[in-house]
Amino acid sequence: MIVFQSMKMAFSSIKSKKLRSFLTMLGIIIGVFALVVLVSLVSGATGSIKSAIDEIGTDMVIVDDETGRGVFSMEYLDELRELPSVDQVAPVVYTVDRLYGPHEEGISIVYGTTMELMSIQGLKVEYGRFIMKPDVDNHTNVVVISNATAVDLLGRENVVGETLSIGGRPYRIIGVLKQSSALANLIMYKYQVYIPITSAVRISDSGSLSAIPEVCFSGVDGDTSAVQQELEEELTNKFGSTEEFYIFNQSEISSAMDKITAALSLLLGGIAAISLLVGGIGIMNIMLVSVTERTREIGIRKAIGARPSIILLQFLIEAMTLSLIGCIIGLILSWLGIQVVNIIGNVDFSISIPVAMVAVIFSSGVGILFGLYPAKKAAAMKPIDALRYN
Amino acid sequence: MIVFRNVSKVYNMGGEQVRALWNANIHIKQGEFVAVVGPSGSGKSTLMNIVGCLDVASSGQYLLDGIPIDRYSEKQLAIVRNKKIGFIFQNFNLIQTMTAEENVELPLIYQGIGKNERKARVREALQKVDLYERRAHTPGQLSGGQQQRVAIARAMASKPSLFLADEPTGNLDQATGAQIMNMFRELHKQGNTIVLITHDDNVAKQAERSIRIMDGIVTETREDRAGS
């Protein structure tokens, strides 16, 4: 009950000095706002970058032939497939060519590959099917196109069965991929099409079935680092030097992203925590002023029987109320701020709940920490001296 | 009721001992109306602080209602002040930011009394000083006499065993002062114990008897002076 009374008194004391209370709270408001918005934005941004990376496939190892002599042949790929850690292998021959659709035309990257690429890269087919073994065996002119290609060049999504011209050659569309996220589109080519590798080598000038420029691998149980290790060993033997090939483990991107996220959150959170601390010092300052101003009141309260612990509690609750109201206002502003970012940036970020909780705990901690000294000072006042104070 | 046995209060000021109160022996019985009279600097404030449990004696014994108030901690003193003593000060000492009602209620909150009883007692006390209609006013909206009546209501609400008034009419004009003194006589008639501290013999005359204090030495005046 005393706590409830102290809260009532704290509220009326804060209300009676609105401007001063607001200015005091401003430190906490800005601190909480900075903490919550910055950390939420960092985790939101890295979250969407990570999911975009997932879309282009993270559980794969890419090897590029840098000799120019042509080392990867289809037969050699069959040998590599036998490596214990390797699950699937897909050759990639790529070329850039002009696409002519009935609606529009555009420059596209054209991948020549086999059916394995679909599961290695985790491609999702929305309509129709992906390239299959007979397509490769028969050198058929069929194509799987990205969603954006279908919409932009052919005017709608489901265009399975229609014809698309790649560099003047007609290709029958057998599949349309799922729409990728806006961010994935940013880091990938807008238009992407996949054709059987046997068909691709006819139009590509940078690869043949005996000189495949790029190979994608997936690992058994998704273990890409084992694949990377085995391939490095095998290819060093084959090429004679590590300089002759380039090997890249795509999962390194996401672990690098995790590190960047953690570092950025810590850095920005740290800066915000410092501003919260400064806000706390502001509270301490104003509480000291308040204790001095209200010396008479403290004296009166003590004379009529307030125990030191009650005076302590009253001022402590006042300091905590200041910082908690500041925290709540800060959280509301953070929410509004993130909505504004969402509208302006056309993104979908939300307040990170753990960070909001950290903000609440931290501000009440700041309130207690910086309220304690002034409250103790008030509680320790001698009633006779306090009553005589003018 | 109130018993001082050789109570002394000695301050150490720059190595020099100042005897603010020296070997005081006082007996005040329950239901008495006693004035403590002395010029300023005579030690009457020290006496009042000790009687009111705002301070403890350096030596000697002080019994309040038979309980020795020796070497009490701040917390214990606060509890005694809360339950046994009703202060009325020269400058009223009401909390400016609180209404009359809240001021009267405050000691009851500190006593831990439940809301319903608190409200009832606040109402009763404010009605007795004829200020219930003005309960929502803050001290700044009340005259000096009204503020002092609120202070008396605050003292009454906690039903103390002792009303301790320190120059209660000092800041009031004569007519208002007389009104306040009437209230003390009324309280006395109802059986309350009142200790009134004053420098004014005319005020002191209205009490049953006077205790004189001069340079820290107390002389108890035994003979009764008719209060009315």
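**The sheets of chain B**

Author: In chain B, 6 strands make up an open sheet of mixed pairing, and their order is β6-β7-β8-β3-β9-β10. At its edges are β6 (85-88) and β10 (217-220) of chain B, each of which pairs on one side only. From one strand to the next, the twist averages 20°. Please keep in mind that this is a predicted model.

Strand β6(B) runs parallel to β7 (residues 162-166) of chain B, and 4 bridges join the two.

Next come the helices. Helix α1 of chain B, residues 44-51, packs on this sheet and touches β3 (33-37), β6, β7, β8 (194-198) and β9 (209-214) of chain B. The direction of α1(B) makes about 155° with that of β7(B). Helix α5 of chain B, residues 144-157, lies across β6 and β7 of chain B. Relative to β6(B), helix α5(B) runs at about 175°.

Chain B also has an open sheet of 4 strands, in the order β2-β1-β4-β5, and here the pairing is antiparallel. Its edge strands are β2 (16-28) and β5 (67-68) of chain B, and each pairs on one side only. Between β1 (residues 2-13) of chain B and β2(B), the antiparallel pairing extends over 9 bridges. Within that pairing, B:Val3 stands opposite B:His27 of β2(B).

Helix α1(B) comes back into the picture at this point. It packs on the 4-stranded sheet, touching β1, β2 and β4 (59-64) of chain B, with a direction that makes about 120° with that of β1(B). Helix α1(B) therefore has contacts to report for both sheets, since contact means heavy atoms within 4.5 Å.

A:Ser165 has a relative accessible area of 17%, so it counts as buried, the cut-off being under 20%. The side chain of A:Ser165 reaches the backbone nitrogen of A:Gly168 at 3.2 Å. Beyond its neighbours within four places in sequence, A:Ser165 is in contact with A:Arg98, A:Leu99, A:Tyr100 and A:Pro170.

Terms used
Residues numbered from 1 in each chain as written. Chains lettered and ligands numbered in written order. Predicted model: local features only at pLDDT ≥ 70, side-chain atom pairs only at ≥ 80, totals over all residues. Heavy atoms only, no water. Pairing = 2+ DSSP bridges. Axes fitted to C-alpha atoms, helices over the stretch in contact; angles between N-to-C directions. Buried < 20%, exposed > 50% of the residue type's maximum accessible area, 1.4 Å probe, protein only. Polar contact = N/O pair within 3.5 Å; in protein donor to acceptor, adjacent residues only side chain to side chain.
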